[in-house]
Amino acid sequence: MPTNTLNGRSFAVDEEGFLTDRDQWSEELATELAALIGIELDEEHLAPLRFMREDSSRTGVTPTLRRMQTVGGFDVRALFGLYPGKPAKKMAWLAGLRKPVGCV
Amino acid sequence: MAANHLAKALDHDWSITVVDRDVDHHYQPGYLFVPFWMDPDRVVKDRRDFLPGRATFRQEAVRLVHPGRRQVELAGGDLLDYDWLVIASGSVPRPDLVSGMADGSLWRDAVHEFYTHEGATALRDALARFDSGRLLVHVSEMPIKCPVAPLEFAFLAEDHYRRRRIRHQVDITYVTPLDGAFTKPVASAELGGLLEDRSIRLAADFAVERIDNERRRLVAYDGRELPFDLLVTVPPHTGQQFVLDSGLGDDAGFVPVDRHTLRSLEHERIFVLGDASDIPTSKAGSVAHFATELFVDNFLAAVAGRPLPNSFDGHANCFVESGRGQALLLDFNYDTQPLKGAFPVPVAGPMRLLTPSRVNHLGKLAFEQLYWKVLLPGHRLPVTAHLSMAGKKPPEEH
């Protein structure tokens, strides 16, 4: 399993750079990762990430956008505003979770 | 299947009651073939013919489950007492959850699905009429039943138009909310080129917001719009309404269970088999099949108050039609992604994992008979319920 190092922090990642150990995550790391994709992580950006962390700690899987809306109370359009283009993937990456996948 | 297994395993002081709202058991894998060649009548049989003689069949919809007082309330108001309850109520395609889908003017006209008997039959007629233009094959969101079926549909449609010699008139695009048609590393490396080889376009990371019926466009939250002449979509899925109404499910109506024992996390006298649970693996028939085999021993142990002996690993085994008379075979579980190799016998096969072959395609067709004659009656297939690494190549060896 590869390891990435960013500003002195080391963390295990999969082939695509998603964290494989959720315990190596911190909000500071997320902030530094976000800077790499041109996002300044403020409270508004952090709220969905915190929800995803909390939710996945119970379910074992990264929540879907629908679940973000129905359970988390987030507006999907707003999430697209915060994380343009590929919010599900960007948020999973920043939250230190696995990317949403199919079976193959 | 669970009723048949339990009928063999339980003493005669037990009574087994099966409740279902109808008598039609559908061979759902057949839905994929109905739009192309399979007779729609062939996928439906009377479920009563497959139930064990000692089971009582009650034909009525379930309104609520009352786990506190161990009762199932039927639509007509009758209450059935239970000591133990097995929920196997599956998942439901919900075209009403996407704006402009079920409520759009193009529904079952230019907007189709093949996840119901009615839908697959309507799509058969639509495909026969459709001979030029833009065809979108679309997955709304995960989870869905049989997650590879839309991909199979795209391959079969491509083959269908190639055989009709009008492939050049039909533009096919596969539209997915995920970041590709293949999302696991080995599968994506092995099969990534398959869409391109067949000239099927890919629209990835597409989170559908609505269908614009007037302009015939599929619209994403990020503003992308895909025009279509024929849209074949897979609607979002949820669990059954009675699960939601009973407060047994998560937000999508799937019952949270221990992923290794399939026992409800909240109610120890409830087990959940098949798509109705929230286990993080494919909502696929093979999962239900493997899990049910392991469930029986766990159920008997639970009844006796012993620790549950079997731990389900999320094993799934899926044939994936790739068109041209070939299919792929996938074998995976919670922790192991689909890998290359031979199945079920290492090296010898005869089936090849993650590689298109004729034998795999024949295997898929033959499975229909196994389903009715072996699986439903509760006989065992010579395939282990747990995933075996024998015959598989770990990713490092590629």
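**Figure 1. Pairing of B:Val320 with B:Leu328 across strands E20 and E21 of chain B.** In this predicted model, B:Val320 has B:Leu328 of E21(B) as its bridge partner. The two strands, E20(B) and E21(B), run antiparallel to each other and are joined by seven bridges. Two residues separate the strands in this hairpin, where B:Arg324 adopts a positive phi near 55 degrees. Strand E20, residues 316–323 of chain B, is mostly covered, with eight of its eight residues buried. Burial applies to both faces of E20(B): one side carries B:Ala316, B:Cys318, B:Val320 and B:Ser322, and the other carries B:Asn317, B:Phe319, B:Glu321 and B:Gly323.

**Figure 2. Contact between chain B and chain A.** On chain B, 23 residues are in contact with 21 residues of chain A. Two elements of chain B, helix H4 (185–191) and strand E21 (326–332), each give two or more residues to the side that touches chain A. By class, this side of chain B consists of 15 nonpolar, two polar and six charged residues.

**Figure 3. The parallel sheet of chain B.** Five strands of chain B make up an open sheet with parallel pairing, in the order E10-E17-E11-E12-E13. Strand E10 (111–112) and strand E13 (201–203) are the edge strands, each pairing on one side only. Within the sheet, E11(B) pairs with strand E17 (residues 230–234) in the parallel sense over five bridges. One of the pairs is B:Leu135 with B:Leu230, the latter in E17(B).

Figure 4. B:Gln169 belongs to the loop between H3 and strand E12 (170–175) of chain B. Is this residue, B:Gln169, buried or exposed? B:Gln169 counts as exposed because it has 12 C-beta neighbours inside 10 Å, and the cut-off for exposed is 12 or fewer. Leaving aside residues up to four places away in sequence, B:Gln169 touches B:Asp131 and B:Ser132. The C-alpha atom of B:Gln169 is 8.6 Å from that of B:Arg134, and the two residues are 35 apart along the chain.

**Figure 5. Crossing of helices H1 and H7 of chain B.** Helix H1 (residues 2–9) and helix H7 (residues 285–304) of chain B have axes that come within 10 Å and cross at roughly 40 degrees. H1(B) and H7(B) are therefore oblique to each other. The crossing of H1(B) past H7(B) is right-handed. H1(B) makes the contact through B:Ala2, B:His5, B:Leu6 and B:Ala9, and H7(B) through B:Thr292, B:Phe295, B:Val296 and B:Leu300. Six nonpolar and two polar residues take part in the contact of H1(B) with H7(B), with no charged residues.

Figure 6. The bond that joins B:Met142 and B:Pro143 is cis, with omega about 0 degrees. B:Pro143 is placed in the loop between strand E11 (133–139) and helix H3 (149–163) of chain B. The peptide bond from B:Gly349 to B:Pro350 is also cis, and its omega is near 15 degrees. B:Pro350 is part of strand E23 (residues 349–353) of chain B.

**Figure 7. Two leucines of chain B with positive phi.** B:Leu262 is not a glycine, yet its phi is positive, at about 65 degrees. This residue, B:Leu262, lies in the loop between helix H6 (241–245) and strand E19 (270–272) of chain B. B:Leu262 is buried, since 27 other C-beta atoms lie within 10 Å. B:Leu354, again not a glycine, has a positive phi of about 60 degrees. B:Leu354 sits in the loop between E23 and helix H8 (358–375) of chain B. With 27 C-beta neighbours inside 10 Å, B:Leu354 also counts as buried.

Figure 8. Helix H5 (residues 87–94) of chain A is largely enclosed by the rest of the structure, because seven of its eight residues are buried. The buried residues of H5(A) are A:Pro87, A:Ala88, A:Lys90, A:Met91, A:Ala92, A:Trp93 and A:Leu94. Among the elements of chain A that cover them are helix H1 (27–36), helix H2 (43–59), helix H3 (65–70) and helix H4 (76–82). Just after H5(A), A:Gly96 has a positive phi of about 75 degrees.

Note on methods: Residues are numbered from 1 along each chain as its sequence is written. Chains are lettered from A and ligands numbered from 1 in the order in which they are written. This is a predicted model: local features need pLDDT of at least 70, side-chain atom pairs count only at pLDDT 80 or more; totals for chains, interfaces and linings use all residues. Two residues are in contact if their C-beta atoms, placed from the backbone, lie within 7 Å. Helices (H or I, at least four residues) and strands (E, at least two) are DSSP runs, numbered from the N terminus. Ala, Val, Leu, Ile, Met, Phe, Trp, Tyr, Cys and Pro count as nonpolar, Asp, Glu, Lys and Arg as charged, and the others, Gly among them, as polar. A residue is buried if 20 or more other C-beta atoms lie within 10 Å of its own, exposed if 12 or fewer, and partly exposed in between; C-beta atoms are placed from the backbone. Two strands pair if DSSP finds at least two bridges between them. Axes are lines fitted to C-alpha atoms, for helices over the stretch in contact, and angles run from 0 to 180 degrees between N-to-C directions. Angles under 35 degrees count as roughly parallel, over 145 as roughly antiparallel, 65 to 115 as roughly perpendicular and the rest as oblique. A crossing is left-handed if the near helix is turned anticlockwise from the far one by less than a right angle, and right-handed if clockwise.
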